Every structure is written in C-alpha cells, then in structure tokens.
There are 2 protein chains.
Amino acid sequence: MNYGFIVSYDGSRYEGWQRQTRTKDTIQGKLEDTLERITGAKGQVIGAGRTDAGVHALGQYANVHLQEEYDLKMLQDAWNRALPDDISIHGLAIRDERFHSRFSAVEKHYRYCIRVGAEKNVFRRRYVWQLGEALDVEAMRRGAAFLTGTHDFTSFCGNRHFKKSAVRSISDISLSLSGGELIIDYRGSGFLQNMIRIITGTLVEIGEGKKKAEQMPAILEAKDRSEAGFTAPPQGLVLVDVVY
Amino acid sequence: MNYGFIVSYDGSRYEGWQRQTRTKDTIQGKLEDTLERITGAKGQVIGAGRTDAGVHALGQYANVHLQEEYDLKMLQDAWNRALPDDISIHGLAIRDERFHSRFSAVEKHYRYCIRVGAEKNVFRRRYVWQLGEALDVEAMRRGAAFLTGTHDFTSFCGNRHFKKSAVRSISDISLSLSGGELIIDYRGSGFLQNMIRIITGTLVEIGEGKKKAEQMPAILEAKDRSEAGFTAPPQGLVLVDVVY
C-alpha cells in the first residue's frame, strides 16, 4: 500500500529533510524511525521537497510504501503520538501505487518571511530573517518579475557540483507587507538546492540598493553563482504546500 | 529619572517575571543584569504583572529609576542588543517620578489560547494549551459571565497563604474561536496569583461538561480553592497589554 500524508514541522533543530548517516536529527529520519517503532516495518519516506537544515514546513507532502493495510486513523494517531512535538502529520490516505511525492508534484509553494520592522518580534524569531531595516519593495518586485517563467537557474543554485539541467519554471513570485514583515511567496514546478534562499538574498540586495533590479537578466545569463546575491538564512523559509 | 518601557518575551525557558536568588532565568533578572552591564547602574525593574514561569508577554510594561539621563534611542538599542533574543523592549520613555508600573496600572489584558482542533500546530506548540478536543463554548460563556464584576476570588487564588484582600474586578471575559484555537481574553484591574489559569481550567471543565456553568456563583461563594477547577498550563497565557 502507498500511504500519502501532509507533514508540518518546525525545522529549527533539524539537519533538514533528508536522512543522513551522521545524525538522527532529520525529518525523514524521525518519520522513518517512529514508523518502524510503531509498525515494525521499515519504509522509505519520500518527501515532495528536500528542505534544508533549519527550513520549516506547513504542508510538506510525503508518501511511504508499506506491505500491510492499516486503519488510517489508528496509524495516523499512533504515528503522531510517537513523533516529537515539532513534527506533525495529517490527512493520511491511500494513494495510487505509482504516486511519488516528488515526481508527481505539479507545483510547490514556498514562503520566505523577512522582518523589516525595527522592533524584534520575540514570538516570530525562529520563523523570520530578522533584518530590521526597510527595503525598496517596488524595486524587489521589478527584480522578481525577471525570474518568472522558464529559465536556467544555474546562477541561483547552491550546489556547485550540480551536473543535471538547472532549467526550472517559476509561475509566480509575489511580495506583500504585513505586520512588520515582508512576505515573499514563491510558486513553481521545482526549485534547485538553496535556490529560493539565493533568490531571496539577491532580492534583498536589490531592496537595499546594492544591486539594481535591471541587473537580474544579466545575472541569469551569466550562469555563475557568484553573480547572484548571498544565501538568505534558512529560518525564514517555509514549504507552505504542494499541488498534485 | 524614571524610565518606562514595553517589554515582550517568550517565557518558555524562564522561571517567570520575578527575580529569584536560586536562578538567573527570570525576566526581571535578565533585564536588570543586562542594564547593569551596559550602564554600570544597578536598578530595580518593576513590572506591571508578575507573570508565572512559562507565561509570555506581548506588551508587559515596566519601569526603572536610574540616576543618569541617557539618550533614549541609544539606551533602548544597546539594551536590546544585550538582551537574549527571546526578550525585547520598545517604546522607552521618561515617565513621571511617581509612576509605578504595577500600582499605576488601570487595566491589564491577558489572553489564554487553547488548541481545540484535533490537528497539532507545530508552530504554536509553545504558545497554546494543546487540548485537541471540542468544547461547549456557549456553556463556557455562561460560566464566564458570572465572574465579571467585583468579587472575592479566593477560590481562584493559587497562593494558599495569601492573607490580603482577594477582591478583584474583572471588566470582561470574551471567548472566540479562530484557526482551531479557542481564545479567551481577560480584562481587569488586577489578578491574583494563577487566577487566570485557574479560571481557564474551571471554564474548560465546564466546556467538557464536567462542571455546570451555573455552579460558578457557588464556587465564588465557597472561597475555597478546591471548589474551582484545575490550573491550566502556563504556556497558553500571554500578557497582551497594560492600560494606564
């Protein structure tokens, strides 16, 4: 049986989604270990987005193949009880055998939150980049507009040894101000490693006047990571949801 | 000079507002120690509400008398830099010499958040009581209505050795449902130790059908802590603001 479910997590204390041999503190690792503890079955949990260390998820989607058929409510409740209180699953359902959380995904929605107000918000400190300075949002919007559509995003890829195609499609980047925070919503078919954090860092440099919005096409064309801006910190990023 | 300021804090890792000799982890202690570090001056920081261990504040108000006159913006910025990132101050201003954060307060607004939805919200876990069951909110409203006005709240006082008058005035208790949480807003001139948490625990017992709303007058009249409900956990409570 192919079990699919929504998973939300506070990524603060984790080394990211992907299971690693050197640490137990990954989201995938916690999901697989607790699943084995309650069912006795070893299953590989596949996530739609392999979020970086410190990145959060509101609506990550994942699936796992298990031989046995379980009562969905009982399995979900037992799994939630076994999980640490910063990881939670819901919407557990049987999916088609060929469903794959990553390959079947049509669109992913990520959100990056930047605190632009001078006042710290102690309750949001784990979920924002605490910049504390005003940004030229209009210039950032102009810069972002050059990135929508299909492009080679090599300049915005954090993995310097990446050999496959870096062509990706961004359907929308929207910026809005709310409660002292600048919220940047990214929607696209898929994103390269660190891509949203590098785009965010580049947009912030535009918002600070260090780069011009009109430089964006040249940055894309260069296909050179050093032409883009710096990588924004992970804690401001959250995977909001995945569309199938 | 008498300096007044708003202070917000995530109370999760603190032993409450009030300075104690056996621990350094109090809000008052952190404020006083950092103030001494940046100015060299020892001052007693007086807070409007002496919040319990684990209770948060969005708009606690505090004041401190210091001999010297400082530039307000410079002092506020230096103090914020010295404070841990779960405590933040703003609105630093010179107050009348006789102003006292606690005695001058006219009204305090506290909010208690209970997660009633079955789904855990991992991002709210430090700021809600994760109850996860539906409550009879109408019955809770009827019970709460008996508590507004001026009463002897001995039955709702967590300090069994309290010798002074337990007469307090609650101007309003309002309950609302939002995003899977039941929000209870309390406004009053002052509250006894644990009083809001005991009222909340009692209201929840009414919402669960374990007590009847109509028992509330008898609970008040008994002037006996054991007649009221249990003490709701601290993390759901936040001091929202103080009116002068």
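1. A search of the whole structure, which is a predicted model, finds 34 salt bridges over all chains. A salt bridge here is a side-chain nitrogen of Lys or Arg within 4 Å of a carboxyl oxygen of Asp or Glu. Local features need pLDDT of at least 70, side-chain atom pairs count only at pLDDT 80 or more, and totals for chains, interfaces and linings use all residues; side-chain values use heavy atoms, with hydrogens and water left out. Residues are numbered from 1 along each chain as its sequence is written, while chains are lettered from A and ligands numbered from 1 in the order in which they are written.

2. One of the salt bridges joins the side chains of R111(A) and D185(A), at 2.8 Å from N to O. The pair links distant parts of the chain, 74 residues apart: R111(A) belongs to strand 5 (residues 107-115) and D185(A) to strand 9 (residues 181-188) of chain A. Helices (H or I, at least four residues) and strands (E, at least two) are DSSP runs, numbered from the N terminus. R111(A) is partly exposed because its relative accessibility is 31%, whereas D185(A), at 7%, counts as buried. Buried means under 20% relative accessible area, exposed over 50%, and partly exposed in between (1.4 Å probe, protein chains only).

3. The side chains of E181(A) and R124(A) also meet in a salt bridge, 2.8 Å from N to O. E181(A) lies in strand 9 of chain A and R124(A) in the loop between strand 5 and strand 6 (129-130), so the pair ties together parts that are 57 residues apart in sequence. E181(A) is buried, with a relative accessible area of 6%; R124(A), at 26% relative accessibility, counts as partly exposed.

4. In chain B, E36(B) forms a salt bridge with K42(B), the closest N and O atoms being 3.3 Å apart. E36(B) is partly exposed at 29% relative accessibility, and K42(B) is exposed, with a relative accessible area of 70%.

5. Helix 2 (residues 72-82) of chain A has buried residues L75(A), Q76(A), W79(A), N80(A) and A82(A). Seen down the axis of the helix, these buried residues fall within an arc of 160°, so they line one face; the arc is that of the directions from the helix axis to the C-beta atoms. On the other side of helix 2, K73(A), M74(A) and R81(A) are exposed. The cover over the buried residues includes strand 1 (2-9), helix 1 (27-39), strand 3 (56-65) and strand 4 (87-95) of chain A.

6. Between the chains, 21 residues of chain B are in contact (heavy atoms within 4.5 Å) with 22 residues of chain A. The two chains bury about 1700 Å² between them, 56% of it on carbon and sulfur atoms. Buried area is the accessible area (1.4 Å probe) that two parts lose on being put together, summed over both. In chain B, K120(B), F123(B) and R125(B) lose the most area to chain A, together 38% of what that side buries.

7. Across this interface the rule finds 4 salt bridges. R125(A) forms a salt bridge with D85(B), with the closest N and O atoms 3.3 Å apart.

8. A rotation of 180° with 0.0 Å of shift along its axis superposes chain B on chain A (RMSD 0.0 Å). The two copies are thus related as by a two-fold rotation axis. Superposition is by least squares on the C-alpha atoms of residues with pLDDT of at least 70 in both.
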